[in-house]
Every structure is written in structure tokens, then in C-alpha cells.
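Trainee: I'm new to this one and would like to learn how to read it. Could you walk me through it, feature by feature?

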Amino acid sequence: NNNIKNMEELEEKIENYKKIDVNKEYTQAKKYWTNYLEKHDGLNLRENSNKLVNDRVKEIYKRTILLFPLLQNEETGGVSATVEIDENREKSGRYSYCWPRDAVFIAKAFDYLNMKKETDKFYENFCKKTQSKNGMWEQRFYTDGTLAPCWGYQIDETASVIYGVYEHYKNTKELKFLQSNMKMCENALHFLFKYLENIFGEKEEKDLVKKEIEEQVIKEGRQKDQIYKHVSYDLWEMNEGVHLYSLASIYGAFNAMIGMYEEIKPKYENNRLKLEKIAKDIQKIKDEIENIRKYVENNLYDENTKVLRRNAEDSKMDISTIGAVHPFELFGDDEKKVLNTVEKINMTLRTYTGGYLRFEQDSYMGGKYPWPVTTLWMAMYYLKAGNKKMAQECFNFVVNSTSSLGFISEQVDNNTMKPSWAIGLGWSHALQSIDEPVLQ
């Protein structure tokens with residue numbers, strides 16, 4: 001301790017620690033966390049007698065409630081992907097960072113668990129603190145809000161925050177929260193507009209400096225579209241390009257913005273200029289929504305196989321294509337192209353244990369193990385499609401592969417059904433919590 005100045009002070013502290021009644025401290029800590037569990041039992045699972053909600057599910061549920069406060073920085077509201085328990089960071093995956101996208105889904109689970117203040121803190125404080133001047137969010141941060149090491153740019157990080165703000169508002173119906181975060185969301189919205197201008201080639205290149213750069217780069221043998229197409233990493237952070245999940249997240253953000261504008265408009269009934277600006281933004285959003293639909297139809301749908309493509313560069317099957325159905329609703333769950341895609345996902349990514357891989361030829365940690373996140377994602381799709389039997393199978397796979405303490409991992413060893421790699425992953429626990437109320 002840096003505050004200890006000499007041996008005398010150190011010895012005095014040691015003597016004081018010796019006098020602590022351990023049993024008393026244990027009793028107080030147990031009482032605190034027991035009360036915490038009761039206060040945050042938002043799904044009322046402990047009193048639920050439904051046969052689907054067995055004791056094991058309740059234990060995992062309790063572990064989730066106890067885990068979440070350990071992930072959040074109380075001062076900033078930042079949410080770590082998981083608790084960093086491997087001091088040498090050899091087996092943990094180095095996950096003690098806050099990815100805005102992951103945190104948005106964890107915050108959505110917060111809302112299910114009566115953790116409204118925690119969600120407020122994440123958006124009101126952390127997201128405002130970490131937003132760049134141009135409206136975007138970088139790939140990841142330390143939970144104190146400082147920028148963490150990044151290796152790429154991900155557009156869905158920015159889109160997810162807008163989506164998440166509206167999801168939280170729909171849960172609380174607190175207009176004050178919406179008003180407080182509108183400027184942040186509008187800044188992000190205009191960044192998304194600029195991103196799509198590059199993707200769709202809408203913006204005319206009139207800048208002489210840009211033209212000079214273009215001419216110079218072409219001399220060096222690079223193509224024009226390599227300069228101006230603003231590509232992004234996918235949500236798995238392994239492939240650069242234009243991705244279906246990324247565009248679907250923007251689609252979800254756009255619909256969220258329309259919803260927020262409709263809620264906020266009455267506040268400006270006497271402000272003609274503000275209402276005109278809102279109307280202009282809504283029209284721009286609607287135009288871009290149509291552009292997204294057209295782009296996906298022309299570039300991210302395989303006419304030969306009749307399935308959705310994860311990006312414009314390859315035809316590898318990827319669970320993230322389901323993001324276009326849930327949660328972002330670019331497609332309906334019963335559209336033919338979606339049904340075909342789900343069928344192919346089951347043929348290529350579902351393992352014999354009932355779990356799902358991320359995508360074909362995944363190389364991360366060998367790429368052979370299913371992930372709880374992907375499996376719970378499929379459960380969400382099946383719930384949306386009304387197939388409760390398949391949803392329950394996916395849900396059970398995750399329940400049966402948790403640790404003895406109820407922690408859900410990043411991956412599952414297919415041979416042993418034991419948790420693998422990062423254990424206690426916030427994103428996994430969040431999706432489990434979001435699925436549970438529907439499966440009751």
C-alpha cells in the first residue's frame with residue numbers, strides 16, 4: 001500500500017486486520033449478496049414452478065445476476081466483456097475491455113434484471129465519454145473510458161449504441177433519458193449516413209485534394225474503390241468488407257432513430273426549425289433503408305443457392321446472417337431466403353452436440369468448438385419463428401455446458417461438453433437472460 005510510510009504503520013495495520021471477525025464479515029457479505037439476488041430477480045425464476053426452469057437454470061440465472069455487477073465500472077458505467085482472471089493473460093482471451101456492441105446486449109439483459117441504473121450509467125456516461133467527435137465509436141475501450149488497443153474499425157459498434165438506447169427507452173418509457181441521449185444518437189446517425197455514402201457511392205468526388213490523392217494512388221497500382229469504400233471488420237473481427245450483419249445493424253439503428261424522433265417530436269411543437277431538421281433526417285433515413293434493402297438484395301443474396309451471404313466477398317455460412325432477422329428485423333423469420341439460410345446453417349454449422357459454430361472455416365482457437373452466443377442466437381431465431389422445440393434444444397445445450405459454478409463460457413469443448421476459453425463471458429450470460437423469459 002503506497003499510503004504506508006513506515007514499518008510501524010504496517011505492523012499496526014496487520015494487527016487491525018488480525019482483529020477482524022471473519023465470520024461476521026462473511027455473514028454481512030452473504031446478506032448483502034442474498035439481498036442483491038432478491039432485488040434483481042427480474043424474471044422471477046426462483047418462484048417459477050415451470051418444469052422448463054429447472055434448478056440448474058436457476059443456478060445459472062443467479063450466477064448471471066452476481067456476475068454482472070463485477071463487469072461494470074461503477075464510476076464510468078463501462079462494461080467489461082468478462083472478468084480478467086488469468087493474470088498472465090494466456091488463457092482468458094484478454095477480454096477485460098468494453099466493446100460497445102457486447103455492452104449493448106449486456107445492458108439489454110440489465111433491463112431484464114432490474115438493473116436500470118446500471119443501463120442508464122452505461123449510455124449516459126460511458127457512451128457519451130467514448131464517442132468520437134465524428135459520431136462513431138471505436139472498436140473497444142478500457143472500462144474507464146480510455147481507448148484500448150484496436151486493430152480495426154467496426155461500423156456495428158456505432159449502430160448498436162443507437163439501437164440500444166431505444167431498446168432501453170422502450171423498457172423504461174422515460175422521456176428524460178431519451179432527451180438526454182438524442183444529441184449523441186444524432187451524431188452517430190450522421191456518421192452512419194457518411195459511411196453509407198461511401199458504400200453506396202452516393203457522394204460526388206469534387207474535392208481537388210482527394211482527386212490528386214486518387215491519381216497518385218492509382219499510379220501506385222491501387223484501384224479507386226480501395227480508397228473510398230469505407231470497409232469495416234465484421235462482428236467477429238476477422239474479416240474486412242461490407243457485411244450483412246453490419247448493414248442490418250445500421251438498419252436496426254435507423255428504425256430506432258425513427259422511433260426516437262417520433263417520441264421526441266412533441267417536445268419541439270413550437271420549434272419549427274428543429275421539426276424541419278427532424279423531418280429531413282427521417283426522410284434521409286427512409287431513403288437509406290431502401291438503399292440497404294437494394295444493396296443486400298443485389299450483393300448479399302446468392303441467387304444460385306437462394307441463401308443470404310455474410311459479405312460480398314465469399315459464400316461461407318455464418319451465424320451472423322441471423323442478425324438480419326433477430327434482433328435487427330431486416331427480414332421476417334418466415335421469408336423463404338431466411339428459411340433457406342437457416343437450413344444451410346444447420347447443415348454446416350450445427351455440431352453433433354447441438355451447439356453452433358460461428359462460421360465455416362473459423363480459425364480462432366482452432367474453430368472447431370461451438371459457442372453459447374451463437375447457439376443462443378439460434379434459440380432467439382427459433383423463438384421468433386415459433387419453433388419452441390428447437391429453441392429449447394439450443395437453450396439446453398448452453399445449460400448443459402456451463403461450469404460447476406454456473407458460468408457460461410465463450411466456447412464449449414464438443415468432446416467433453418465442458419466450458420472452454422473465456423469462462424463467464426458477459427455476452428453469453430446476457431443472451432441467456434434475454435432468452436429465459438420467453439422459454440418459461
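This is a predicted model: local features need pLDDT of at least 70, side-chain atom pairs count only at pLDDT 80 or more; totals for chains, interfaces and linings use all residues.

Trainee: Where is Q361 found?

Mentor: Look in the loop between α12 and α13 (372-385). Helices here are DSSP runs of H or I with at least four residues, strands are runs of E with at least two, and both are numbered from the N terminus.

Trainee: How do I read backbone angles?

Mentor: As a general idea, most residues other than glycine have a negative phi, and most peptide bonds are trans. Q361 has a positive phi of about 60°, although it is not a glycine. K173 is another non-glycine residue with a positive phi of about 60°. You'll find K173 in the loop between α6 (155-172) and α7 (175-200), and K173 counts as exposed because its relative accessible area is 52%.

Trainee: And which residues does a cis peptide bond join?

Mentor: H326 and P327, with omega at about 15°. P327 sits in the loop between β4 (307-308) and α12 (336-348).

Trainee: Let's zoom out. How many helices and strands does the protein have?

Mentor: There are 15 helices and six strands. Of the 440 residues in the protein, 52% are buried. The protein exposes about 21,700 Å², and carbon and sulfur atoms supply 47% of that; accessible areas come from the Shrake-Rupley method with a 1.4 Å probe, and for residues only the protein chains shown count as cover.

Trainee: How should I look at one helix?

Mentor: Compare its span with the expected one, which is 1.5 Å times one less than its number of residues. Helix α14 (residues 388-399) has 12 residues and reaches 16 Å from its first C-alpha to its last, close to the 16 Å expected. Its buried residues are M390, A391, Q392, C394, F395, F397, V398 and V399.

Trainee: What about the inside: how many residues are in the largest nonpolar core?

Mentor: That core has 124 residues, and those with the most contacts inside it are F122, I250, F254, M260 and I292. A nonpolar core is a set of buried Ala, Val, Leu, Ile, Met, Phe, Trp, Tyr and Cys residues joined through side-chain atoms within 4.5 Å. Take F254: leaving aside neighbours within four places in sequence, F254 is in contact (heavy atoms within 4.5 Å) with L189, L192, F193, L196, I285, E288, I289 and I292.

Trainee: How do I read charged pairs?

Mentor: Side chains of opposite charge can pair when their charged atoms come close. A salt bridge is a side-chain nitrogen of Lys or Arg within 4 Å of a carboxyl oxygen of Asp or Glu, and the structure holds 23 of them. In one of these, K116 pairs with D120, with the closest N and O atoms 2.6 Å apart. Both lie in helix α5 (residues 116-130), four residues apart, about one turn of the helix. K116 is partly exposed, at 29% relative accessible area, whereas D120 is buried, at 14%.

Trainee: Which parts of the chain does the salt bridge of E186 and K274 link?

Mentor: Their side chains meet at 3.3 Å, N to O. This pair links distant parts of the chain, with E186 in helix α7 and K274 in helix α11 (residues 272-299), 88 residues apart. E186 and K274 are both buried.

Trainee: Last one: which residues make a nonpolar surface patch?

Mentor: M7, L10 and I14 make one of about 260 Å². Patches are made of residues with over 30% relative accessible area and no salt bridge; like charges are joined within 9 Å, and nonpolar side chains (Val, Leu, Ile, Met, Phe, Trp, Tyr) within 5 Å. M7 is in helix α1 (residues 7-18), and M7 counts as exposed because its relative accessibility is 52%.

Technical notes. Residues are numbered from 1 along each chain as its sequence is written. Side-chain values use heavy atoms; hydrogens and water are left out. Buried means under 20% relative accessible area, exposed over 50%, partly exposed in between (1.4 Å probe, protein chains only).
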